[in-house]
Amino acid sequence: MAAAQVSPPPPPPPPPPLYLGFDFSTQQLKVLVIDGNLNVLHQDNVQFDSELSDFRTQGGVHIHSDRLTVTSPVLMWVKALDLLLDKMKRAGFDFSRVRALSGSGQQHGSVYWKRGASETLNQLSPDQDLFQQLQVCVFSVSDSPVWMDSSSSQQCLDLQAAVGGALRLAEITGSRAYERFTGNQICKLRQTRPDAYQDTERISLVSSFAASLFLGDYAAIDYSDGSGMNLLDIRTRSWSEVCLKATAPHLDQLLGAPLPSTSVLGPVSSYFVHRYGFSETCRVVAFTGDNPASLAGMRLQQGDIAVSLGTSDTVFLWIQQPRPALEGHVFCNPVDWQAYMALLCFKNGSLTRERIRNECAGGSWEVFSAALRNTPLGNNGNIGFYFDTMEITPPAVGVYRFDGDDNEVSSLSSQVEVRALVEGQFLSRRLHAESLGYSIIPGTRVLATGGASCNTEILQVLSDVFNAPVYTIDLSNSACLGAAYRALHGLVAESGVSFFDVLKTAPEPQLVATPHPTAPQVQTHTHTGISEISQRVKDGNRERKEKSTD
Ligand code: ADP
Ligand code: XUL
């Protein structure tokens with residue numbers, strides 16, 4: 001009798017695919033992993049100051065002696081990626097499950113690849129880490145100018161003059177000339193370090209630089225982050241001839257053609273396949289700026305206002321039609337190519353809160369929060385504006401404190417100072433958002449994110465000052481989450497599937513603070529006062545500037 005044939009058990013189904021989002025931010029590199037059901041499975045980070053202390057950064061940057069030039073070592077970002085992936089490997093992370101990855105970077109910063117660098121990128125050996133292979137002869141500028149830099153004022157004036165004025169430039173590129181915007185930084189480099197500039201074969205943003213590492217080739221700049229350069233025509237979504245010409249000859253060749261933010265750039269390079277076990281089919285979706293990625297992570301909708309409390313504080317909105325002005329920025333929208341986003345950036349955000357925490361709360365967030373609990377809304381009229389470094393919005397520097405009678409004073413008691421700072425910051429955020437055309441109406445949601453959004457007392461002040469409910473997503477890390485969402489969406493975007501369709505089942509933001517019933521009265525009182533105070537701050541600042549140039 002023939003033996004009965006036993007068929008082998010079916011192979012186990014392959015483990016479900018994963019999607020990675022990276023964020024190359026000012027102070028750290030972060031990663032976040034989601035599955036196809038949008039569950040967050042893993043998060044990790046590398047802190048630049050403490051884990052890569054050889055680079056001697058403070059808050060991830062080097063502030064130069066002129067106090068205007070601010071840079072970060074490009075190799076620090078490279079080494080951070082080695083470290084982060086090694087940490088994941090040691091933790092047993094299965095890279096072969098990753099179907100797509102994307103990422104974000106601090107906006108405006110630029111990376112200069114030396115002639116011949118693309119060959120090195122194409123031929124990375126899996127036996128050595130990225131840092132070992134990229135540390136010699138790959139970057140023509142070792143210290144990348146970053147968003148905190150404000151040393152290119154002359155180049156800004158020249159660009160505006162060349163295109164027909166500040167408003168004209170804003171109409172083309174979405175912003176008047178700003179020192180940190182990449183075109184002005186490129187122009188400064190060309191003028192002050194012609195040899196380094198001549199030796200450059202490609203210029204990337206921090207976001208497209210990071211994508212290039214994963215791709216093993218130069219990655220395109222995406223429309224959304226490309227809008228922060230004073231070079232892209234935000235309506236035609238191509239480089240503006242007049243801006244390119246005013247910045248540097250043949251600059252388009254150094255920048256490469258910009259692409260939609262949802263583009264699949266290609267498969268991950270064989271370096272990552274062999275060194276970490278990524279699948280050859282893993283796709284790299286265009287990286288974008290951290291603020292555009294946050295908009296994606298929060299699934300911001302029209303009518304919402306997002307307040308990001310990271311190293312910088314930013315306020316941003318989804319807008320359908322661009323109406324560029326002399327204040328604020330309009331960027332191409334990262335998830336819907338027909339839309340735009342408006343953004344305001346405030347340089348004196350978390351680092352200023354940290355300084356006041358150190359001076360008034362013994363370095364403890366707990367004591368800082370207690371000060372907010374123990375002082376009344378409106379702070380009995382005491383308010384402060386703290387511009388430790390040259391602010392972007394408004395362009396002012398210095399510390400300005402006012403007592404309840406609107407007299408400028410030189411000090412406030414510790415607890416009062418903490419509230420004066422936080423209320424002053426948020427009033428200024430609101431005032432400038434309103435001058436951009438934003439109005440807070442019933443139904444407005446303030447969506448908070450960034451490192452400080454884990455602090456409920458800070459969020460209560462935000463709610464009171466905006467007189468609107470404040471929501472957060474589970475993570476303070478919306479740029480990273482947005483990058484992972486964008487990786488998932490990038491795979492289907494070309495077939496016309498919308499971002500929101502892919503993310504229908506994502507968790508809804510949670511309500512964390514509602515305005516105090518007396519907020520409107522206090523708010524109206526302070527709101528009228530603040531416009532006047534703001535004017536005084538501006539006037540004072542102008543006077544100081546005039547004195548310093550006398
Ligand atoms: P970035 O992405 O710009 O590197 P994050 O969004 O991670 O920065 O924010 C980092 C900041 O978060 C720190 O500089 C710190 O001041 C702030 N932060 C962290 N925890 C708290 C807290 N409990 N209260 C207020 N701020 C906090
Ligand atoms: C935005 C800006 C900063 C950086 C760093 O214009 O300069 O928010 O993106 O986060």
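Leaving aside its neighbours within four places in sequence, which residues is His-108 in contact with?

## Around His-108

They are Trp-147, Arg-180, Phe-181, Thr-182, Leu-205, Asp-225, Gly-228 and Phe-331, where contact means heavy atoms within 4.5 Å. With Arg-180 there is also a polar contact, side chain to side chain, at 3.5 Å. (A polar contact is a pair of N or O atoms within 3.5 Å; within protein, one must be able to donate a hydrogen and the other to accept it, and residues adjacent in sequence count only if both atoms are side-chain atoms.)

As for its place in the chain, His-108 sits in the loop between β6 (98–105) and β7 (110–114). Its relative accessibility is 4%, so His-108 counts as buried; the cut-offs are under 20% relative accessible area for buried, over 50% for exposed and partly exposed in between, with a 1.4 Å probe and protein chains only.

## What you're looking at

This is a predicted model, where local features need pLDDT of at least 70, side-chain atom pairs count only at pLDDT 80 or more, and totals for chains, interfaces and linings use all residues. Residues are numbered from 1 along each chain as its sequence is written, chains are lettered from A and ligands numbered from 1 in the order in which they are written, and side-chain values use heavy atoms, leaving out hydrogens and water.

Helices (H or I, at least four residues) and strands (E, at least two) are DSSP runs, numbered from the N terminus.

## The N-terminal domain record

An unreviewed UniProt entry puts "domain: Carbohydrate kinase FGGY N-terminal" at residues 146–297; such annotations may be inferred rather than shown by experiment. That span is 50% helix and 12% strand, and its end C-alpha atoms lie 23 Å apart.

Look here for helices α5 (residues 153–163) and α6 (residues 166–173), whose axes come within 8 Å and cross at roughly 85 degrees. That makes α5 roughly perpendicular to α6, a label for angles of 65 to 115 degrees. Leu-159, Gln-160 and Val-163 of α5 meet Ala-166, Arg-168 and Leu-169 of α6.

## The C-terminal domain record

UniProt, again in an unreviewed entry, gives "domain: Carbohydrate kinase FGGY C-terminal" for residues 306–489. This stretch is 36% helix and 22% strand.

Further along, 3 strands make an open antiparallel sheet in the order β19-β20-β21; strands pair if DSSP finds at least two bridges between them. β19 (383–387) and β21 (408–409) are the edge strands. Strand β20 (residues 398–402) is joined to β21 by 2 bridges, and Phe-402 has Glu-408 as its bridge partner in β21.

Notes
Axes fitted to C-alpha atoms, helices over the stretch in contact; angles between N-to-C directions. Parallel < 35°, antiparallel > 145°, perpendicular 65-115°, else oblique.
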